[in-house]
Structures are given as C-alpha cells and as structure tokens.
Amino acid sequence: MRIVFLGTAAAVSTPSRDNTSLLVNDFLIDCSGNLFGKMKKVGYDPLKLQGIIITHGHVDHIYGLPSLIEMLRLSGRRDPLKIYVGRHFYELTEVYLEMHGLLYQEKGFEIELRAVNYEKQLLINDSKISIETFPVKHSVPNIGLKIRSNGVTVIYTSDTELCEDMIDLFNDVDLLIHESTCSYLYSKKTEGHTCAEDAARFAQLSNAKVLCLVHIGPEIDGNETKLINELKQYFLGKILIPNDLDRIVL
Ligand SMILES: [Zn+2]
Ligand SMILES: [Zn+2]
C-alpha cells in the first residue's frame with residue numbers, strides 16, 4: 001500500500017501545511033487544495049484515480065473537488081469516476097458540483113456520485129484493496145476508513161473525538177492515521193477533535209504498530225519534534241508527523 005500525504009493541516013492551513021488529504025494507491029481521500037498539481041509533483045498521474053472519498057462536508061475536506069474534476073476533464077479523462085460522500089452531504093455535493101456545471105457534462109466523463117451510510121460498510125473491495133467505513137464522533141456526521149491492501153491494515157480516522165468505545169475495530173492495525181487538531185502542550189482541546197496526547201494513549205491501548213498524526217493544528221506546526229518526544233511517554237511504537245507530500249509504503 002502506498003500512502004501519500006497530499007496535505008496534513010487542520011482547517012487552518014499554514015505556510016508549510018495544506019488541509020489534510022491522502023492518496024492511498026489510486027484512491028483520493030478528502031479533497032482540498034491544488035490536488036491535481038500535488039499529485040503531479042509526487043509523480044502520480046491524476047488520470048489514474050479510481051475513486052474519491054469525501055469523509056464529510058466541512059469545507060477543508062471538500063473545497064478542492066470542483067477544480068480537481070475540471071482539471072481531470074481538461075486533461076482528457078474519459079473514464080467514469082466514483083465519488084463517495086456521506087449521505088448527510090450528498091445533496092450538498094450534488095449542488096456544489098452542479099453549480100460549476102460539473103455533474104452532468106456533455107463532454108468529459110461520467111461522475112458516479114454515491115451516498116455512504118454512517119455505519120460499518122464495505123465501500124470498495126477488489127483484488128488489490130478493500131476500504132471499509134465506520135462512524136466517528138465529529139460535530140457533523142462523519143466516517144473513518146479501515147483500509148486493507150497487501151496484507152496490511154491502515155485506519156484513517158478523519159475528524160473525530162477519540163473512538164474509545166470502538167477500540168475493537170482499531171486493534172492491532174499496522175498504521176493508525178489519527179487526526180490531531182490540538183495538543184495540551186499548546187492549546188485547549190477542540191470540540192469534535194482529538195488532542196495528540198489522547199491519540200497517542202489510544203494508539204497504545206489499541207496496540208497500533210505505528211501512529212501517524214495528521215489534521216495538524218497550526219499551534220503544532222513547527223513544534224513536531226518536541227511533540228513527538230512528549231508523546232513517547234504515552235505510545236511506545238513509532239510516531240510520525242508527516243510533512244505535506246511525504247509518502248509511506250507498507
Ligand atoms: Zn477538518
Ligand atoms: Zn470536520
């Protein structure tokens with residue numbers, strides 16, 4: 001499995017971090033910033049995208065979608081593209097894309113917009129990758145993703161409070177990509193989100209092999225090394241705070 005961190009910031013970006021978005025094999029998860037350009041920059045051909053998953057409708061997770069679709073169209077994509085979006089935001093996404101004349105284009109490619117329920121659901125399951133959704137605890141309905149490929153299991157929490165009552169789902173994952181909007185070192189806990197220290201305790205409880213923090217709040221940006229050292233008292237495995245455009249191959 002190849003994961004590229006196209007963005008790693010929380011809702012407020014910084015000079016070095018754009019809003020969080022991941023490229024996992026040929027699937028894009030959340031959609032902000034100049035994703036077309038970033039995929040090119042890391043050597044990935046955006047025309048190869050098989051699907052896009054929007055975890056929820058907060059602006060930092062969806063605002064890049066119209067421009068990405070337009071860039072794919074202008075670059076000659078003709079294959080249909082599946083876009084998965086939480087049921088709560090399905091109509092909003094439909095309106096958002098149609099506002100820009102992107103949903104029912106005569107020229108271009110077909111967009112298959114699919115509504116996702118807020119329950120455990122096997123979204124994608126082919127010979128190379130499976131992606132399962134599960135509900136998380138945000139200020140709006142939201143999904144996390146459990147991704148399996150090549151014998152490894154990865155969880156991406158998207159935006160959420162700690163999911164302590166779902167720890168069985170998180171047990172023994174190879175890589176836990178947890179949001180970390182705040183840290184008690186630098187700020188108060190943000191409603192609907194997780195502080196880095198709690199994510200690290202949870203990673204230890206769930207026996208994750210590696211903890212990777214994304215959706216990094218602006219107070220954390222620039223203090224990553226100090227924070228990782230702090231978190232070592234809570235989590236004994238490897239801790240990563242990736243920079244934008246970093247990649248992990250598992
Ligand atoms: Zn967010
Ligand atoms: Zn959010």
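Let's start with Ser-158, which sits in the loop between strand E10 (152-156) and helix H5 (167-170). Helices here are DSSP runs of H or I with at least four residues, strands are runs of E with at least two, and both are numbered from the N terminus. A word on the source: this is a predicted model, where local features need pLDDT of at least 70 and side-chain atom pairs count only at pLDDT 80 or more, while totals for chains, interfaces and linings use all residues. Residues are numbered from 1 along each chain as its sequence is written, and chains are lettered from A and ligands numbered from 1 in the order in which they are written.

Back to our serine. Most residues other than glycine have a negative phi. Ser-158, however, has a positive phi, near 55°. Is Ser-158 buried or exposed? It counts as buried, because it has 27 C-beta neighbours inside 10 Å. The cut-offs are these: buried means 20 or more other C-beta atoms within 10 Å of the residue's own, exposed means 12 or fewer, and partly exposed is in between, with C-beta atoms placed from the backbone.

Now try Asp-172, in the loop between H5 and E11. Its phi is positive too, near 65°. But Asp-172 is exposed, with 9 other C-beta atoms within 10 Å.

Next, helix H6, residues 196-205. Seven of its ten residues are buried, so the rest of the structure largely encloses it. Among the buried ones are Phe-202, Glu-197 and Asp-198. What do the buried residues of H6 pack against? They pack against strands E11 (175-179), E12 (210-214) and E13 (238-240), plus helix H7 (224-231); contact means C-beta atoms, placed from the backbone, within 7 Å. After H6 comes Asn-207, whose phi is positive, near 65°.

Last stop, the sheet. Seven strands form an open sheet with mixed pairing, in the order E6-E5-E4-E3-E2-E1-E14; two strands pair if DSSP finds at least two bridges between them. E6 (111-116) and E14 (247-249) are at the edges with a single partner strand each, so one side of each has no neighbour in the sheet. From one strand to the next, the twist averages 20°, with axes fitted to C-alpha atoms, for helices over the stretch in contact, and angles from 0 to 180 degrees between N-to-C directions. Helix H4 (residues 90-99) packs on the sheet and touches E4 (51-54), E5 (81-86) and E6, its direction making about 155° with that of E6. Finally, E1 (residues 2-7) and E2 (residues 21-24) run antiparallel, joined by four bridges, and Gly-7 stands opposite Ser-21 in E2.

Conventions:
Two residues are in contact if their C-beta atoms, placed from the backbone, lie within 7 Å.
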